[in-house]
Amino acid sequence: MNLSDKIRTIPDFPKEGIAFKDITTLLKDPNAYEEAIDQIAERYKDKDIDLVLGVEARGFLIGAPLALKLNKGFVPVRKEGKLPGEILKTEYDLEYGSNILEIHKDAIEKGDKVLIVDDLLATGGTVKATADLVEELGGEIVEIAFLMELGFLDGREKLTDYEVFSLIID
């Protein structure tokens with residue numbers, strides 16, 4: 001099955017000139033969704049990983065089922081104000097402003113081996129901020145994995161300190 005065929009492109013979203021890659025069409029096809037999770041899980045089944053960390057919100061859709069498949073715990077990284085416990089946060093820049101990500105301070109223990117997962121690698125800012133949170137808590141990043149990568153945006157440039165895997169590269 002060609003998984004990239006299951007992802008539709010929506011022109012001029014969220015603004016004119018952007019070709020938005022919409023994974024909801026892949027997610028609604030249970031065979032494609034399962035195949036994507038299975039292919040990513042195959043890469044990590046024998047790696048030394050303690051936790052799978054997903055970035056809000058679509059990273060949860062890849063990270064949570066992947067964590068279950070690998071029999072690992074799942075840690076959510078959320079947007080500001082969504083976590084009830086004691087948090088660590090970071091602010092990062094977007095091409096049109098800034099954003100804040102938060103993680104529970106007790107979500108990762110020093111030395112935990114963490115796989116960071118998100119749906120899409122674009123410019124790399126969000127996942128780099130996430131990696132900073134993991135490292136500030138003492139976690140060791142095993143790899144950063146994506147369902148899809150927009151190679152022409154050079155997001156890997158911000159992630160040169162990490163191993164990066166993308167199931168689909170566009």
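Okay, ground rules before we start. Because the model is predicted, local features need pLDDT of at least 70 and side-chain atom pairs count only at pLDDT 80 or more, while totals for chains, interfaces and linings use all residues. Residues are numbered from 1 along each chain as its sequence is written, and side-chain values use heavy atoms, with hydrogens and water left out.

Let's begin with the sheet. When I say helix or strand, I mean a DSSP run, H or I of at least four residues for helices and E of at least two for strands, numbered from the N terminus. Two strands pair if DSSP finds at least two bridges between them. With that in hand, we have an open sheet of 7 strands, in the order β5-β6-β4-β3-β7-β8-β9, and the pairing is mixed. At the edges sit β5 (87-94) and β9 (164-169), each pairing on one side only. Neighbouring strands here are turned by 25° against each other on average, direction ignored. For angles, axes are lines fitted to C-alpha atoms, for helices over the stretch in contact, and they run from 0 to 180 degrees between N-to-C directions. As a reminder, strands of a sheet pair through backbone hydrogen bonds, either parallel or antiparallel.

Now zoom in on β3. Which way does β3, residues 51-55, run relative to β7, residues 113-121? They run parallel, joined by 4 bridges. Within that pairing, L53 stands opposite I116, and L51 has V114 as its bridge partner. On the β4 side, β3 pairs in the parallel sense too, over 5 bridges, and there V55 stands opposite V77.

How many of β3's residues are buried? It's 5 of 5, where buried means under 20% relative accessible area, exposed means over 50%, and partly exposed is in between, using a 1.4 Å probe and protein chains only. Both faces are covered: L51, L53 and V55 are buried on one side, V52 and G54 on the other.

Getting from β3 to β4 takes you over helix α3, and the three make a right-handed β-α-β unit. Right-handed here means that, with the strands pointing away from the viewer, the path from the first strand over the helix to the second runs clockwise. Helix α3 (residues 58-70) lies across β3, β4 (73-79), β7 and β8, running at about 140° to β7.

The other helix to look at is α2, residues 30-44, which lies across β7, β8 (140-149) and β9, at about 150° to β9.

At the start of α2, a side-chain oxygen of D29 comes within 3.0 Å of the backbone nitrogen of N31. That's a polar contact: a pair of N or O atoms within 3.5 Å, where within protein one must be able to donate a hydrogen and the other to accept it, and residues adjacent in sequence count only if both atoms are side-chain atoms.

Over in α1 we find T25, which counts as buried because its relative accessibility is 18%. A polar atom of the T25 side chain lies 3.2 Å from the backbone oxygen of D22. Leaving aside neighbours within four places in sequence, T25 touches K6, I7 and R8.

Last stop, the loops. F13 and P14 are joined by a cis peptide bond, omega about 0°, and P14 is in the loop between β1 (8-11) and β2 (19-22). There's another cis bond from E56 to A57, omega near -10°, with A57 in the loop between β3 and α3.N71, in the loop between α3 and β4, has a positive phi of about 60° although it is not a glycine, and N71 is exposed at 68%.

Methods: Contact means heavy atoms within 4.5 Å.
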